[in-house]
There are 2 protein chains.
Amino acid sequence: MNTSSTPGDQAVLEALAALRATVGEAHVHCPTGPDDAGYRSQQTDWRGRYHGWALAIVAPADTDEVAAVVRVCARHGLSIVPQGGHTGLVGGGAPDASGRQIVLSLRRLRRILAVDTTNLTLTAQAGCLLAEVQAAAAEAGLLFPLSLASEGSCTLGGNLATNAGGTQVLRFGNARDLCLGLEAVNAQGEVWHGLSGLRKDNTGYDLRHLLIGSEGTLGLITAATLKLYPAPRSQQAALLACPSLDAALALLKAARDVLDAQLTGFEVMGAYPLSLTLRHQPVQAAVLSALGIDTATPGGNAAALPAWLVLLDAASPLPAAALQEQLEALCAQAMDAGWAQQAALSQSDAQYQAMWALREAIPLAEKSEALMVKHDIGIPTSRIPRFMDDAAEALQAALPGVRVVCFGHMGDGNLHFNVQGPAGMPASDFLKQHQTQVETIVYDLVQACEGSISAEHGVGQLKRHELAQRADPVKLGWMRAIKQALDPQGLFNPGKLL
Amino acid sequence: MNTSSTPGDQAVLEALAALRATVGEAHVHCPTGPDDAGYRSQQTDWRGRYHGWALAIVAPADTDEVAAVVRVCARHGLSIVPQGGHTGLVGGGAPDASGRQIVLSLRRLRRILAVDTTNLTLTAQAGCLLAEVQAAAAEAGLLFPLSLASEGSCTLGGNLATNAGGTQVLRFGNARDLCLGLEAVNAQGEVWHGLSGLRKDNTGYDLRHLLIGSEGTLGLITAATLKLYPAPRSQQAALLACPSLDAALALLKAARDVLDAQLTGFEVMGAYPLSLTLRHQPVQAAVLSALGIDTATPGGNAAALPAWLVLLDAASPLPAAALQEQLEALCAQAMDAGWAQQAALSQSDAQYQAMWALREAIPLAEKSEALMVKHDIGIPTSRIPRFMDDAAEALQAALPGVRVVCFGHMGDGNLHFNVQGPAGMPASDFLKQHQTQVETIVYDLVQACEGSISAEHGVGQLKRHELAQRADPVKLGWMRAIKQALDPQGLFNPGKLL
């Protein structure tokens, strides 16, 4: 029994013994210290901001064991940090350094429990990878539309606990909109059997929606029943070069009108992040060349690039030719109206993938370029152009020379609005000296246009203090009262969100 | 000041004076007694089951006055029954007979506050009629898709408090799915300013979804921001005569696959309710004749009618010809596969309306026919045929000769499953002697197939005891803890839901 570097008091030894008795010796791991390489990934968040040290990493086999672990922790005064793939971006899944928390890994709850091809539902345990859920749906000839960059390593439970977003929210909504029922464990270590596959059920408070997005602070999600959709018959993307955000917005409106639910994605990429992408991944130039955009300048010259590039994604129950006809008409309308200066449709699966690869290259190029002050904001789409102007102006006034790296899911108002320091200033200096100032400028403007300081990433540790400062006081009061009522002992993920 | 028939003690007089000072003399009405004709509609529920007697009917002018009324009631020990159009079917809006409750009417909060045609959102006060909200959207060339029979008299606040369903849930979801933000008053009489028009916002617990469907027991919804959709370019309905529910289910699956989001409604009507419709509204025979269905037998002979008639509704961004082509292909597929024996497409607006009028005639025919034991149930669609067989068998075994009147929103698993007594037995005797027995048989079978005892009508007073008996104990525990945390004084709609 290796407890050499955990607090050695008798209570802790008893707690560990009880945990081992609950899930088996093999599924209680005690890291030897904060730097234990074997378990570093479970103690430090994905972005490397938060380093903790769990007393133990506990991996129950099933829902009953999860409930039993909760009872053990309640009895022994340990708190619980639930973890799935641990790919969150706000430190919600990292333990603190007290040594009085366990990481509860849901990764062994990994079964697809049922696929109902008539009711169009799928029931899976929380530890299934998102990609596994997608695959199980596809195997049944159906679609589970939640899709995000980390889908190969994030888990369903984490997706629901954080209400994950991604690239198809415009049509299908966030994770919460794709979930019909939950199974979860409460702070008393009891199981809520709520795996409903119903699309209509008005029998009391909607606890499903309360748990979804609560970041593991109210209950532990152990399984979920999800909505499936018919697989589309055709799918096609278009890239359009827009002279302004107002033009992109007019295009969005027309696209919704022409395509309705066939419009599944509407992403924007600013000229500056595109130039970074060309600099760090020159291979991406081919996609732009197909649009007739000159990318000959080595290193990517932002001035020569379109102000905004729109990636429009569409999926349809109609055959490919019918979808293409609608997209061609839309592109022609956009060119006629001056909303776009160039437009190209994907003409093959390879081109479709290449267009998305360009969009997905941006965060990677950003990472290669420099550390930045990052914001994941939500803005009513109608206010996006004005917000961008105001934010750029306020930032330049405060910090001349800063560069805005803006891209994201414009169709649902979610922008990744990142700020790079002026040319020549080391990135670490910029962050050290100006991060708080930049955040204040950006978040003040976000609030002024009734936006959100966390559109899809959640609150976790990163934005906890911002939320406490900025959220509506009545909302905060309600949240605190609910937390106190459902988890009076502070067992579930303390120090996160609230 | 007319308080002659209210409890005359000093505390009540002081409470009334404070309410009058808050909203003005003209907006505090004291009914003279339980039968006061002027206010009967606000004291007795729409179905006439629950009769109460409010100390006063109070109609604040705006959100701040709502909050002030809450503070007055809290101070004076009065509880609050919120009311919109008072069209609910489970007694959720009726006061009790204690004389210590006020009805708080939201009907003066009736302004459309904003329509954002770019963000596709509409913000309206809670007292707006649903039809007024629909009209404001239509005026802007857009669609607000919530639609139900009472739309001319129910209010937005009531729709949200009860999470109303209706006929387009299959595509657009329930009321909760159409709401992005709320303004609401808490039990301390403070206002939550949550009128967000964001499609992505992960900043804490989703209080919007907690309040929606809570039937006025946690907070008072005063305004909401709603999702709008592009108006469809074409809309068409089809009637199909199906030999069985299995056949109807196969048709539903094909319809979802062929039409995807263009499928907006999928209603079923059993032969027996159709025969009642023909008996009480012979004019409806024309719609069936267009299908080639013989309705010559006067009075409607159920044996001569199709076992199940499906009304399929579709709306599309495509021109009418393109939608018609898809529907024709679907009908041909259904005939070939034997899922339907007859099929007819609406060929004009008048025919479209006539098909829906047939469907809407059923509840009216039912009302003309007799009192029945009514159930508003949700079942996973895949289990509907089996449930119907089992329920019919169990009912016949227990009560030979009873007749099942089944129709509803099969596309989302919501059936109105009503039971009429055997021929010759007076309806009132049947209800008096067998209502509880019938409900137990039906609800036991609903639970056995993981269904809901209230798919869209809610709990109110009618199903409160059923819910307490049948709901998952962990769910009930969470609900009670939340109610206690947010409304410790029991100010909001006591005796409803929980």
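**Where the chains meet**

Between chain B and chain A, the rule finds 10 salt bridges across the interface; a salt bridge is a side-chain nitrogen of Lys or Arg within 4 Å of a carboxyl oxygen of Asp or Glu. In one of them, Asp206(B) and Arg176(A) meet through their side chains, at 3.2 Å from N to O.

Before going on: this is a predicted model, where local features need pLDDT of at least 70 and side-chain atom pairs count only at pLDDT 80 or more, while totals for chains, interfaces and linings use all residues. Residues are numbered from 1 along each chain as its sequence is written, chains are lettered from A and ligands numbered from 1 in the order in which they are written, and side-chain values use heavy atoms, with hydrogens and water left out.

How many residues does each chain bring to the contact? Chain B brings 86 residues and chain A brings 85 residues, with contact meaning heavy atoms within 4.5 Å. Together the two chains bury about 7100 Å², 59% of it on carbon and sulfur atoms. Buried area here is the accessible area (1.4 Å probe) that two parts lose on being put together, summed over both. In chain B, the residues that lose the most area to chain A are Lys200(B), Tyr205(B) and Trp478(B), together 15% of what that side buries.

Now the strands. Helices (H or I, at least four residues) and strands (E, at least two) are DSSP runs, numbered from the N terminus. Two strands pair if DSSP finds at least two bridges between them.

In chain A, take strand β4, residues 101–105: five of its five residues are buried, meaning under 20% relative accessible area with a 1.4 Å probe, protein chains only. Gln101(A), Val103(A) and Ser105(A) point one way from β4(A), and Ile102(A) and Leu104(A) the other way. In a regular strand the side chains alternate between the two faces of the sheet. β4(A) runs parallel to β2(A), joined by three bridges, and Ala56(A) stands opposite Ile102(A). β4(A) also pairs with β3(A) in the parallel sense, over five bridges; there, Ser79(A) has Gln101(A) as its bridge partner.

In chain B, four strands form an open sheet in the order β1-β2-β4-β3, with mixed pairing.

Methods:
Buried < 20%, exposed > 50% of the residue type's maximum accessible area, 1.4 Å probe, protein only.
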